[in-house]
Amino acid sequence: MDYYIIPEEETTCEDSFPDGLSFFFEQVGGYGEAAEVEQVSRILQIDLSVFQEISFEEDEAYDADELDEDEQPEEASIIWHDVDKVTAVVDSFLTKIEAFPDYHKQVLHNPNRNQDLESLLQITTIGDEAEMVRQFQELENQPLFAYPPDHGYLSQGKIVEDLKNLRQTLACYKSSGVSQFKLLYM
């Protein structure tokens, strides 16, 4: 699933939400407090929650089984974001990264994440439910279990490139007279 950025009116601007940022912001649902975005928010003391405020449209196709009960929209839910406000968040994020270039060294990652996922898959094939629960709890109790693997997105500066690309899109919207946009996740 990916993020899509949609302005309130058509423009000639590049409307693609950077793939790396999409993956970075979507981790919250999969990893909660251990997600890179949550850790970075705490480390840099910046509120990035605006990127979790996504829209659902009535005709949008989504798999209800993939969403938790409290995440399922009852009807159309459109959240419009102010270009200036989101631009300020992006600018602040870039400024904080520039001021603290080694922030990424404080982000915890699970070097064994792929192994853990393989183990999790094997656990689901166990016939004995009690044994399956025991092994899952044992795996879940490992110190870094909930943390994502390190794909180098932060340490290699790819996030900065993507933030700058998003910033260009927002600047284009502004110069085109667009004051609002929505984020879709599908």
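Trainee: Which residues on the other side of H6 are exposed?

Mentor: They are Gln-168 and Ser-175. Exposed means a relative accessible area over 50%, buried means under 20%, and partly exposed lies in between (1.4 Å probe, protein chains only). The model is predicted, so local features need pLDDT of at least 70 and side-chain atom pairs count only at pLDDT 80 or more, while totals for chains, interfaces and linings use all residues. Residues are numbered from 1 along each chain as its sequence is written, and side-chain values use heavy atoms, leaving out hydrogens and water.

Trainee: Which residues of H6 are buried?

Mentor: The buried residues of H6 are Ile-159, Asp-162, Leu-163, Leu-166, Thr-169, Leu-170 and Tyr-173. They lie on the same side of H6 because they cover an arc of only 115° around the axis, the arc being that of the directions from the helix axis to the C-beta atoms.

Trainee: How do you know that the span of helix H6 agrees with its 18 residues?

Mentor: A helix is a DSSP run of H or I with at least four residues, a strand is a run of E with at least two, and both are numbered from the N terminus. The expected span is 1.5 Å times one less than the number of residues. For residues 158-175 this gives 26 Å, and the end C-alpha atoms are 26 Å apart, so the two values agree.

Trainee: Why is the pair of Tyr-3 and Phe-25 called tilted?

Mentor: Rings of Phe, Tyr and Trp (its six-membered ring) pair if their centres lie within 6.5 Å; planes under 30 degrees apart are stacked, over 60 edge-to-face, and the rest tilted. A search of the whole structure finds 9 such pairs. The centres of Tyr-3 and Phe-25 are 6.4 Å apart and their planes stand at 45°, so this pair is tilted. Tyr-3 lies in strand E1 and Phe-25 in helix H1, so the pair ties together parts that are 22 residues apart in sequence. Both Tyr-3 and Phe-25 are buried.

Trainee: What makes the link of Cys-13 to Cys-172 a disulfide?

Mentor: A disulfide is a pair of cysteine sulfur atoms within 2.5 Å. The S to S distance between Cys-13 and Cys-172 is 2.1 Å, and a disulfide joins them. Cys-13 is in the loop between E1 and H1 and Cys-172 in helix H6, so the pair ties together parts that are 159 residues apart in sequence.

Trainee: Are Cys-13 and Cys-172 buried or partly exposed?

Mentor: Cys-13 has 7% relative accessibility and therefore counts as buried. Cys-172 has a relative accessible area of 25%, so Cys-172 is partly exposed.

Trainee: How do you know that Arg-167 forms a salt bridge with Asp-91?

Mentor: A salt bridge is a side-chain nitrogen of Lys or Arg within 4 Å of a carboxyl oxygen of Asp or Glu. The closest N and O atoms of Arg-167 and Asp-91 are 2.6 Å apart, and the two form a salt bridge. This pair links helix H6 with helix H3, 76 residues apart. The structure holds 6 salt bridges.

Trainee: What makes Glu-33 count as exposed?

Mentor: Glu-33 has a relative accessible area of 54%, and therefore Glu-33 is exposed. The side chain of Glu-33 meets that of Arg-42 in a salt bridge of 3.0 Å, N to O. Arg-42, at 47% relative accessibility, counts as partly exposed.
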